[in-house]
Amino acid sequence: MLASLRRGILTLGRRRIHLFMMIVVPLAGAFFFLSLMHSGLPVKIPVGIVDQDNSPMSRQISRGLDSEMLIDITQSSESYSAAMAKMRSGEIYGFFHIPRGFQQKVLSGRTPTVSYITNMSIFVPGTLSYKAFTTIAVETASDVVTTTLEVSGLSAAMGGGDSSALMPLRLDTHPISNPCTNYSIYLSPSFLVGLIALLTMVVTVFTITSEFKQGTSPEWLATARGSMLKALAGKLLPQTVIFSAMGIFTQAIMFKWLDFPMLCPAWHIILAMILLILACQAFATVIVEIIPNMRLALVSVSLVSILTFSIAGFSFPVDKMYGAIGIFAYILPVRYYFLIYIDQALNGLPLYYSRVYYIVLLGMLLLPLLGLGRLKRRCLNPVYVP
């Protein structure tokens, strides 16, 4: 075992690409995602306004829009078609349209119409601009009702002083786990852990199949005295230590320095990270056992890792996916780390309720045992197929 470990460490040190993939890329990814999402929520999204009424009321709506924290009115157009053209060209993400005769209809007791258009093909800016527009639209509706009641001769107490007549139901919202609606708290751990899982599987496949490519697999196996299990352990344990250290360092950045919420003891999340690294290595080893070809195995783990961002439940609920697609989420190690992060760090549940996810990650370590014989035969008779 010691000879296998020594050989595994020397193999990693001989090629700089290994250390680059295990240290430089995770650090660069952490810096990129955490700095990109540093503000937590995109603000001052460029939008436009089409004020065809140009009345005191419409200008009041414009001032209300301009005071919204989420949006920034950067364009003022004379027509609906001009504003639509600017939105299609990407200059703005939406616009608020006030038609001609808006104030006149309000004062005469008729029902005016305002509209707002957002570009939902770019989801986050489109959603946030939609939220800001809706807020202003609701406030405008309240002002219109107040004006209509006053014009109808109702008292100021009924029309303006008694707000319950205009808004009989008030909402008291309490977003749990992420009260500031910080996108980074939810997305950054998902993306960073997905990146580390991707790198872990790619490096695992590359280091194992390199033995086949270079024809050194018999020597690798002989170092472990013919034990395929010891040969794998000696090769992968140094990688486990480095990737686990990088994962824990990333967690320290998020939870310690950036004050991401962690409502559980730190060792719950650290244990989940170590088990994730081991499970990803086991998953990649199974791929090599099935496809003992460097090119095809690398393509396979890369495809699976990239699909993790789509089907592991980061951005879309698994139970709402098509069954034939959603079932694949349960074979991905990252899925279980993600569920542990939600339960432990964000919701602070007792460890008992996350026990199944830890057990699944631990159980994945047994999967490579099923194909050790096939992998050993390939090591004894290395055949490299480009």
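## Salt bridges

Which side chain meets that of Lys235 in a salt bridge? That of Glu211, at 2.8 Å, N to O. A salt bridge here puts a side-chain nitrogen of Lys or Arg within 4 Å of a carboxyl oxygen of Asp or Glu. Glu211 lies in helix H8 and Lys235 in helix H10 (residues 228-257), so the pair ties together parts 24 residues apart in sequence. Helices are DSSP runs (H or I, at least four residues), numbered from the N terminus.

The structure is a predicted model: local features need pLDDT of at least 70, side-chain atom pairs count only at pLDDT 80 or more, and totals for chains, interfaces and linings use all residues. Residues are numbered from 1 along each chain as its sequence is written, and side-chain values use heavy atoms, without hydrogens and water.

The whole structure holds three salt bridges. Glu211 also bridges to Arg7 (2.8 Å, N to O). Glu219 forms a salt bridge with Arg7, with the closest N and O atoms 3.9 Å apart.

Glu211 is buried at 4% relative accessibility, and Lys235 at 3%. Buried means under 20% relative accessible area, exposed over 50%, partly exposed in between (1.4 Å probe, protein chains only). Glu219 is partly exposed, at 48%.

## Nonpolar cores

The largest nonpolar core has 71 residues. Such a core joins buried Ala, Val, Leu, Ile, Met, Phe, Trp, Tyr and Cys residues through side-chain atoms within 4.5 Å. Helix H8 (residues 183-214) gives the most, with 15 residues. Apart from this core lies another, of 16 residues, including Ile61 and Val106.

How values were computed: Helix = DSSP H or I, 4+ residues; strand = E, 2+ residues; numbered from the N terminus.
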